[in-house]
Amino acid sequence: MAKATFGAGCFWGVEEEFRKIPGVRDTAVGYSGGTLANPTYEDVCTDRTGHAEVVEVDYDPQRVSYETLLDAFWNGHNPTQLNRQGPDVGTQYRSAIFTRNDAQMEVAKAYIAQLDAAKVYKRPIVTQVTSLPGFYRAEDYHQNYLALHPDQPYIVFNDLPKLDHLKTLFPDRYVAVR
């Protein structure tokens with residue numbers, strides 16, 4: 001088993017984007033990239049801790065590659081928006097890849113170089129790529145939030161369309177979204 005950690009806006013929908021990929025064993029939402037040990041959601045929402053909302057992905061590299069996880073990451077959010085995704089604004093919503101080893105770092109940076117060379121985005125990619133400084137699991141009520149609250153208005157408006165988009169892009173990689 002291996003782990004990967006991604007920040008791509010509000011972690012409620014991002015978690016579900018990864019949970020749906022065959023080969024992903026487990027996910028947990030939490031915080032990383034900041035200076036405060038054991039932050040709470042309320043701490044992170046002050047935009048003073050330096051933490052991003054992130055998803056820790058436990059996956060089987062024999063069934064799903066890190067590159068496949070990166071495909072979901074790049075296509076599940078807008079990596080050209082600095083410190084925001086959709087209606088959410090603040091450094092806690094930044095686009096970030098927190099790598100766990102040199103291989104992940106190399107692959108992530110190479111992927112950005114390929115996207116830049118192909119001019120996939122009209123604006124520059126602002127995704128932060130850095131070594132994982134630590135992962136702090138978020139409160140239980142945030143875990144598996146989308147699956148438990150699929151009719152919540154924020155989820156319906158912001159996250160379900162992204163999941164449908166990923167299912168359309170990668171039908172062989174996603175189990176049923178709803």
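User: How many bridges join strand 1 to strand 3, and do they run parallel or antiparallel?

Analyst: Quick caveat before we start: this is a predicted model. As for the general idea, strands of a sheet pair through backbone hydrogen bonds, either parallel or antiparallel. Here, strand 1 (residues 2-8) and strand 3 are joined by 5 bridges and run antiparallel. If you want a spot to look at, find K3, which sits opposite D58 in strand 3.

User: And what about strand 2, how many bridges join it to strand 3?

Analyst: Strand 2 (residues 24-32) is joined to strand 3 by 8 bridges, and these two run antiparallel. You can follow the pairing residue by residue: G30 has V54 as its bridge partner, and Y31 stands opposite E53.

User: Where do those strands sit in the sheet, and what is the strand order?

Analyst: The sheet is open, has 6 strands with mixed pairing, and reads 7-6-1-3-2-8. Strand 7 (128-131) and strand 8 (136-137) are at the edges; each has a single partner strand, so one side of each lacks a neighbour in the sheet.

User: Which helices pack on the sheet, and which strands do they touch?

Analyst: Helix 3 (residues 66-75) is one of them, touching strands 1, 2, 3 and 6, and its direction makes about 15° with that of strand 1. Helix 4 (residues 102-117) packs on the sheet too; it touches strands 1, 3, 6 and 7, with its direction at about 170° to that of strand 7.

User: Back to strand 3: how many of its residues are buried?

Analyst: Buried means under 20% relative accessible area. In strand 3 (residues 52-59), 8 of the 8 residues are buried, so the strand is largely enclosed by the rest of the structure. Both faces are covered: A52, V54, E56 and D58 lie on one side, and E53, V55, V57 and Y59 on the other.

User: How do I read burial in a helix, say helix 1: which residues are buried there?

Analyst: An α-helix has 3.6 residues a turn, so residues three or four places apart point the same way. In helix 1 (residues 11-19), 8 of the 9 residues are buried, so this helix is largely enclosed by the rest of the structure. The buried ones are F11, W12, G13, V14, E15, E16, E17 and F18.

User: How many disulfides are there?

Analyst: The check is whether two cysteine sulfur atoms come within 2.5 Å. A search of the whole structure turns up 0 disulfides. For C10, the nearest cysteine sulfur is that of C45, 9.2 Å away.

User: Are those two cysteines buried or partly exposed?

Analyst: C10 counts as buried, at 12% relative accessibility, whereas C45 counts as partly exposed at 35%.

How values were computed: Residues numbered from 1 in each chain as written. Predicted model: local features only at pLDDT ≥ 70, side-chain atom pairs only at ≥ 80, totals over all residues. Heavy atoms only, no water. Buried < 20%, exposed > 50% of the residue type's maximum accessible area, 1.4 Å probe, protein only. Helix = DSSP H or I, 4+ residues; strand = E, 2+ residues; numbered from the N terminus. Pairing = 2+ DSSP bridges. Contact = heavy atoms within 4.5 Å. Axes fitted to C-alpha atoms, helices over the stretch in contact; angles between N-to-C directions.
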